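Subject: Handing over the structure

Hi,

Here is the structure I promised to pass on to you. Please have a look at it first, and then read my notes below.

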Amino acid sequence: MANLKIDNLLGASIYIPYTDRLKDGKTPFNFPVQNYIGGVNGDDVQGAVPALVGTAEGTNIFIGAFHPSDNAYAPLASNPNEFVAQVNQVILPNDVSGPGLEPSAFDLDFISTRTPLYTAQTFHTLINQPAILTNTLCQRNTYYFNETFTAPVFRSGNATLYGPLEGNVPAVLKGRYVKQGGYSASAEMLGFNAESCADAAKNDQ
């Protein structure tokens with residue numbers, strides 16, 4: 001018998017918030033457009049098993065290659081006050097001779113700001129909306145930002161989403177979104193079992 005152990009993973013998702021799943025015009029849900037998961041320090045295939053399990057349980061997850069490969073984002077060498085992050089979709093890994101087939105999914109380029117476009121509460125509300133699954137169910141993942149290590153920082157910057165021929169992002173979302181509001185923070189996440197979307201909305205109150 002062998003033990004499967006995955007020490008660390010990186011993840012990134014593209015969501016459309018305020019999706020009207022119940023068709024009542026008032027109950028918000030997050031629609032997950034794409035989800036990516038991969039190992040740290042270039043060990044991208046560490047995300048293969050979680051991706052398969054997640055997809056089987058109703059969340060489409062692709063294996064991702066993350067830059068930087070050991071953190072959520074990194075400062076530019078030419079400007080330490082500017083930060084970047086990039087996610088590629090791993091279609092064909094090549095750990096022997098270099099990168100395999102890894103088209104770009106999306107990238108971020110941002111700075112810190114003292115004049116945020118949105119409040120911290122707005123960002124907390126967005127991320128805590130129940131997520132719509134592919135199996136007609138929904139799932140609540142509650143994020144708590146009340147710990148001493150939260151270290152929230154408001155951001156401002158650009159996001160580029162690449163189309164289906166590159167990183168599998170739907171063509172309708174492809175493009176460069178400039179001067180967008182952002183929020184960086186550490187949080188504790190409490191996940192719940194999948195449930196009906198009506199129950200997820202009710203229990204999210």
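What follows is a short tour of what was found.

First, some ground rules. Residues are numbered from 1 along each chain as its sequence is written. This is a predicted model, where local features need pLDDT of at least 70, side-chain atom pairs count only at pLDDT 80 or more, and totals for chains, interfaces and linings use all residues, while side-chain values use heavy atoms, with hydrogens and water left out.

**The strands and how they pair**

Helices (H or I, at least four residues) and strands (E, at least two) are DSSP runs, numbered from the N terminus. Two strands are said to pair if DSSP finds at least two bridges between them.

Strand 2 (residues 29-39) runs parallel to strand 3, and two bridges join them; here Tyr36 has Phe62 as its bridge partner. Strand 3 also pairs with strand 5 (residues 82-89), this time in the antiparallel sense and over four bridges. In that pairing, Phe66 stands opposite Val87.

Seven bridges connect strand 6 to strand 10, and the two run antiparallel, with Ile111 opposite Ser156 of strand 10. Strand 10 is also antiparallel to strand 11 (residues 175-184), with eight bridges between them; Ala159 has its bridge partner, Tyr177, in strand 11.

**The nonpolar core**

In soluble globular proteins, nonpolar side chains tend to be buried together. A nonpolar core here is a set of buried Ala, Val, Leu, Ile, Met, Phe, Trp, Tyr and Cys residues joined through side-chain atoms within 4.5 Å. Buried means under 20% relative accessible area, exposed means over 50%, and partly exposed is in between (1.4 Å probe, protein chains only).

The largest nonpolar core has 13 residues, and those with the most contacts inside it are Ile14, Tyr36, Phe66, Val87, Phe106, Leu161 and Val169. At least two residues of this core come from each of strand 1 (9-19), strand 2, strand 6 (104-112) and strand 10. Strand 1 gives the most, with three residues.

Back in strand 3, have a look at Ala65. Ala65 counts as buried because its relative accessible area is 2%.

**The disulfide**

A disulfide is a pair of cysteine sulfur atoms within 2.5 Å, and by this rule the count comes to one. Cys138 and Cys197 form it, with their sulfur atoms 2.0 Å apart. The link is right-handed, with 80 degrees about the S-S bond. It joins distant parts of the chain: Cys138 is in strand 8 (residues 138-139) and Cys197 in helix 3 (residues 197-203), 59 residues apart. Both cysteines, Cys138 and Cys197, are buried.

Arg21 sits in the loop between strand 1 and strand 2, and counts as partly exposed because its relative accessibility is 31%.

**Backbone details**

Most residues other than glycine have a negative phi, and most peptide bonds are trans. Lys23 is in the loop between strand 1 and strand 2, and it counts as exposed because its relative accessible area is 72%. Ala151 has a positive phi of about 50 degrees. The place of Ala151 is the loop between strand 9 (141-144) and strand 10, and Ala151 is exposed, with 53% relative accessibility.

The peptide bond from His67 to Pro68 is cis, with omega near 5 degrees. Pro68 is in the loop between strand 3 and strand 4 (74-75).

Enjoy exploring, and write back with any questions.

Best wishes
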